[in-house]
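Morning, everyone. Please look at the model on the screen while I walk you through it.

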Amino acid sequence: MSTGLNAAALTDVAYELRDGVALVTLNRPHEGNALTRAMHADLEAIWDEVKANDAIRCAIVTGAGERHFCTGASVSNLSTDKAGSSLQNRPLDQVVRLTPYQNRVWKPVICAVNGLVAGGGLHFVVDCDIVVAAETAAFMDTHTTVGQVGAIENIGLARRMTLGGALLMTLVGRDYRMPAARAHQLGLVDLLEPTPAAALARAFELAASIKKNSPQALALSKQAIWGAMEEGYTRSVEAGWSLLRLQWSHPDFVEGPKAFGEKRAPVWNPDPNARR
């Protein structure tokens, strides 16, 4: 089922569905693909569509152009006294809903980093499942340089890479740009490609492989792994065991081994409520 998303009505984000893969492009190249309130609304609508549409098996997030992936919040949005400001004194889950993780999207999402990532742009890097970057990309955090606290994205940095790397970017601020090769060494980037075009092509190759797998098994596996980042080891393993057992009653649990034994491609059931 689809939400009926009208891609033509989106203002700051471009959306395209390519053979089961949702391509989400931050589309403000004139301002470094900086984040606006309209972009927040666009992304929330897109993630609702990704969750609801069974035809979508995987998503890719990238930026328009080759210079910038996302340079953080648009300056015009950095105010606490404007209607629609991105700085609102309300709970996090009511204000910041940019990324698949923040919108509880359990389908796989790949981040294809085409250029510079700064500040709020790091949300997507730390919250996507797989990060593919062009060798020409770079990563920086400017929060402390402009008197802001580096917290949400920066906590994500410390989770995905070394503590020292996260603190280096956070404390030095604008004067340090981490090259993509170094980000790859520290674990922030999973795969390196020579150019932005090659990074996007690699993301689609990965998506093609992901689409071959059981949608329900992918969703439950993703929940188990991300859930482990939120809980202690014992509780996360127990939660993972519960998710594993959920798959036992789903048709894909039987279809996978059966197709393997019969040497054919499996026919997956995308309905999470299906039962055998």
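Start with strand 5, residues 109-113. Four bridges join strand 5 to strand 7, and the two run parallel. Strands here are DSSP runs of E, at least two residues, and helices are runs of H or I, at least four, all numbered from the N terminus. Two strands pair if DSSP finds at least two bridges between them. In this pairing, Cys111 stands opposite Val131 of strand 7.

A quick word on the source. This is a predicted model, where local features need pLDDT of at least 70, side-chain atom pairs count only at pLDDT 80 or more, and totals for chains, interfaces and linings use all residues. Residues are numbered from 1 along each chain as its sequence is written, and side-chain values use heavy atoms, without hydrogens and water.

Back to strand 7, residues 130-134. Is strand 7 mostly covered or mostly open? Mostly covered: four of its five residues are buried. Buried means under 20% relative accessible area, exposed means over 50%, and partly exposed is in between, with a 1.4 Å probe and protein chains only.

Now the surface. Which residues make the nonpolar patch of about 470 Å²? Trp241, Leu244, Trp248, Phe253 and Val254. Patch residues have over 30% relative accessible area and no salt bridge; nonpolar side chains (Val, Leu, Ile, Met, Phe, Trp, Tyr) are joined within 5 Å, like charges within 9 Å. A salt bridge is a side-chain nitrogen of Lys or Arg within 4 Å of a carboxyl oxygen of Asp or Glu. Helix 9 (233-246) and helix 10 (251-261) each supply at least two of the patch residues. Leu244 sits in helix 9. Leu244 counts as partly exposed because its relative accessibility is 43%.

Next, Leu163, in helix 5, residues 163-172. With a relative accessible area of 58%, Leu163 is exposed. Leu186 is 23 residues away from Leu163 in sequence, and 9.7 Å away in space, C-alpha to C-alpha.

Finally, the whole chain. There are 10 helices and 10 strands. The radius of gyration, taken over C-alpha atoms, is 19 Å, close to the 19 Å from the globule rule for 276 residues, so the chain is as compact as a globular protein of that length. That rule is 2.2 Å times the number of residues to the power 0.38. Buried residues make up 47% of the 276.

Notes
Accessible areas come from the Shrake-Rupley method with a 1.4 Å probe; for residues, only the protein chains shown count as cover.
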